[in-house]
Amino acid sequence: MRVETWRPSPAWLRAEVLIVLALSLGRSAVYSLIALAQALTAGPLSGQSTSLNSSLREDAWLDLLYQLLSIAFALVPVVLVVLLLAATAGSLHQALGDLGLDLARPLRDLGHGLLLTAAIGVPGLAVYYLGRALGATVEVIPATLATHWWTTPVLILHALKNALLEEVIVVGYLYQRLERLGWSPGRILLASALLRGAYHTYQGVGPGLANLVMGLVFGEWYRRTRRTMPLVVAHTLLDVAAFVGYALLKDVLPL
């Protein structure tokens, strides 16, 4: 699909970035920081918990419908930023290429995604348990969906949704727009990582810092390779392991 190349002004780009973030992960960051402040005033973080991927309705079929709708609507900002990037890149194909979100090198992207999964996953778990031991992290319950035939597929879709939302917007889109605004690579890297850390602070100080480090690693990866596909692969695998692993093992192991 070809579109006319568009050269937005710096003022337009600044407004666009603020609006995109307000519709997506910037909004999440604000609520997350407020949640952290509330948790800190409520007592020790070690005695508190937060749940992810909860059931939305008691009826199984209605819950499935609401789960799928929540995933679909959450991905709308991803579609929006791809279209905005396509308007300035000249085509949808070029925009996806600039994001590194195409299938130009699937095996290499998969391999790099697996490497990033290992590099981030084990240290991330260590930081979580250290944070729990130090009382700086709430107990995170990755999945509280009721058990149905569709539970595992929906949890996988939630993982993919999170990966696309975060890596496309916080890495690919934000990097490209801030580059157009003349930001230095170091400043962009820090802004992207701080945003990632901020919208995870509802889990406590530890996960916020761990995700900040993850943001530095993922951001530098994109700066060097201009590929978000390995980041999407790694993020999806990390969330699948957390969500599905917990759902399958919660009644077997003392997690």
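Predicted model: local features only at pLDDT ≥ 70, side-chain atom pairs only at ≥ 80, totals over all residues.

Is W149 buried or exposed? W149 is exposed, at a relative accessible area of 61%.

Aromatic pairs here come to a count of two. W61 and W149 make one of them, with ring centres 5.9 Å apart and 55 degrees between the planes.

Now colour by secondary structure. W61 sits in helix α3, residues 60–74. W149 sits in the loop between β2 (139–141) and α7 (151–180). The pair therefore ties together parts 88 residues apart in sequence. W61 is exposed too, with a relative accessible area of 58%.

Next, select Y175 and Y222. Their ring centres are 5.7 Å apart and their planes stand at 80 degrees, so this pair is edge-to-face. Y175 belongs to helix α7, and Y222 to helix α9, residues 205–225. This contact ties together parts 47 residues apart in sequence.

Y175 is buried, at 1% relative accessible area. Y222 is buried as well, at 0%. By contrast, W61 is exposed, and so is W149.

Last stop: charges over rings. Select R57 and Y66. R57 lies over the face of Y66, 3.9 Å from the ring centre. Then move to R187 and W183. Here R187 lies over the face of W183, at 3.8 Å from the ring centre.

How values were computed
Residues numbered from 1 in each chain as written. Heavy atoms only, no water. Phe/Tyr/Trp six-rings, centres within 6.5 Å; stacked < 30°, edge-to-face > 60°. Helix = DSSP H or I, 4+ residues; strand = E, 2+ residues; numbered from the N terminus. Buried < 20%, exposed > 50% of the residue type's maximum accessible area, 1.4 Å probe, protein only. Lys NZ or Arg CZ within 6 Å of the ring centre and 35° of its normal.
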